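Visitor: I am new to this structure and would like to learn how to read it. Please take me through it one feature at a time.

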Amino acid sequence: MTDLLERLRERGWRLTAQRRIIAEVLSGDHVHYTADEVHAHAVERLPEISRATVYNTLGELVSIGEVLEVSTDGRAKRYDPNAHRPHQHLICSRCGTIRDVQPRGNPLADLPDDERFGFAVSQVEVTYRGLCPSCRG
Ligand SMILES: [Zn+2]
Ligand SMILES: [Zn+2]
């Protein structure tokens with residue numbers, strides 16, 4: 001369980017009503033909303049919250065390392081509160097459902113030395129694609 005709100009409280013992040021709502025929208029497992037989706041959910045609870053506030057707050061959460069920016073489908077970036085647990089993504093190629101998954105082994109270590117071209121490799125992103133149970137019918 002990802003409790004973004006709890007982590008932000010612990011680190012003493014100043015929680016205004018607007019920031020708290022955004023953190024609440026982003027809390028939970030397998031949450032990967034676009035900025036517009038975060039805004040749409042936030043407005044349900046706090047009608048006056050502006051898109052700019054949502055964008056700025058997301059940018060800040062990314063810069064302090066509590067939320068990950070994920071670009072998975074070449075479309076809008078998604079915001080992932082599961083920032084403290086290394087994971088990869090499983091995506092339905094029909095409906096776009098995203099799951100956090102942890103492959104066995106370590107994808108970063110799996111790249112052989114002779115395929116690294118002298119790079120000091122520090123990150124890896126693996127995307128698994130296929131049809132989710134609903135789309136498989
Ligand atoms: Zn699907
Ligand atoms: Zn994720």
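Guide: Start with the elements: helices (H or I, at least four residues) and strands (E, at least two) are DSSP runs, numbered from the N terminus. By that rule Pro 133 is placed in helix α5, residues 133-136. The model is a predicted one, where local features need pLDDT of at least 70, side-chain atom pairs count only at pLDDT 80 or more, and totals for chains, interfaces and linings use all residues. Residues are numbered from 1 along each chain as its sequence is written, while chains are lettered from A and ligands numbered from 1 in the order in which they are written.

Visitor: How many helices and strands does the protein chain have?

Guide: The protein chain has 5 helices and 6 strands. Along the sequence they follow the pattern α-α-β-α-α-β-β-β-β-β-α.

Visitor: Is Pro 133 buried or exposed?

Guide: A residue is buried if 20 or more other C-beta atoms, placed from the backbone, lie within 10 Å of its own, exposed if 12 or fewer, and partly exposed in between. Pro 133 has 8 C-beta neighbours inside 10 Å and therefore counts as exposed. Of the 137 residues in the protein chain, 20% are buried.

Visitor: What is in the largest nonpolar core?

Guide: A nonpolar core is a set of buried Ala, Val, Leu, Ile, Met, Phe, Trp, Tyr and Cys residues joined through C-beta atoms within 7 Å. The largest here has 18 residues, and Ile 22, Leu 26, Val 38 and Ala 42 have the most contacts inside it. At least two residues of this core come from each of α1 (4-10), α2 (17-26), α3 (35-45) and α4 (51-63). The most come from α2, which gives 5 residues.

Visitor: Which residues make the contact between α2 and α3?

Guide: Two residues are in contact if their C-beta atoms, placed from the backbone, lie within 7 Å. On α2 the contact is made by Ile 21, Ile 22, Val 25 and Leu 26, and on α3 by Val 38, His 41, Ala 42 and Arg 45.
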